[in-house]
Amino acid sequence: DCSVLIMASPKRDITAASRQIMYDYLRGGGSLMVITDYHNGEFPQLNMLLEEFNLEISNNKVREGDRDHRYQDDPYNIRAIAPTSKVTETAIDGFTLVNNVRGINELFNVKEWIEIEPVLITTDQGFAEIKGDPEQSSAAGVQNIAMLAEHKGWLSNHVDQTAKVMVIGSSSIFSDQILQPF
């Protein structure tokens with residue numbers, strides 16, 4: 001019995017009441033997938049929910065500095081890396097195309113009952129542009145495009161499934177515009 005709640009391309013934040021409903025759903029062993037893009041909206045309520053999984057949707061736009069991991073030499077059209085994970089048995093380098101990427105942050109509130117792993121990343125030459133401003137960029141480093149978190153802390157006599165959350169920082173991965181050329 002598997003059910004997944006999906007939020008695709010939210011333009012505005014959820015309400016506190018919606019956050020509580022989603023929290024209760026996840027606490028009962030539910031799963032959530034959030035798919036977003038870069039825009040100037042912020043998500044404080046949604047991030048409060050994601051904090052339970054040590055994840056955060058950033059306000060940063062991601063660009064790729066490595067020309068070999070760009071599509072048509074556009075730093076915002078990223079040929080992402082899928083490292084080995086629960087989603088990908090072996091690493092896949094550069095075969096997932098994403099654009100208009102919002103960065104996903106792993107929080108450092110370490111809890112032994114939460115496992116987090118990257119699903120899509122940039123090379124070590126990725127940059128996070130603070131609020132989309134190329135003049136205010138991070139130092140070069142791996143940027144998270146999609147992450148998966150599994151919360152085992154709510155397992156009990158009444159809950160027999162772990163709660164899982166996947167956050168993807170670009171909806172273009174599912175777009176016909178991206179899929180048609182390939």
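**Close-up views of a predicted model**

**View 1. Ser 85 lies in the loop between strands E5 and E6.** Helices (H or I, at least four residues) and strands (E, at least two) are DSSP runs, numbered from the N terminus. Ser 85 counts as buried because its relative accessible area is 12%, where buried means under 20%, exposed over 50% and partly exposed in between (1.4 Å probe, protein chains only). Leaving aside residues up to four places away in sequence, Ser 85 touches Glu 117 and Pro 118; contact means heavy atoms within 4.5 Å. The structure is a predicted model, in which local features need pLDDT of at least 70, side-chain atom pairs count only at pLDDT 80 or more, and totals for chains, interfaces and linings use all residues. Residues are numbered from 1 along each chain as its sequence is written, and side-chain values use heavy atoms, with hydrogens and water left out.

**View 2. Strand E5 is joined to strand E6 (residues 92–99) by six bridges.** The two strands run antiparallel, and Ile 81 of the pair stands opposite Asp 93 in E6. Strands pair if DSSP finds at least two bridges between them.

**View 3. Strands E4 (residues 70–71) and E5 (residues 74–82) run antiparallel and are joined by two bridges.** They form a hairpin with two residues between them. In the turn, Gln 72 has a positive phi of about 50 degrees, while Tyr 71 stands opposite Asp 74 in E5.

**View 4. Helix H2 (residues 44–51) contains the buried residues Gln 45, Leu 46, Asn 47, Leu 49 and Leu 50.** These buried residues pack against helix H1 (16–27) and against strands E1 (4–8), E2 (31–35), E3 (55–64) and E11 (163–168).
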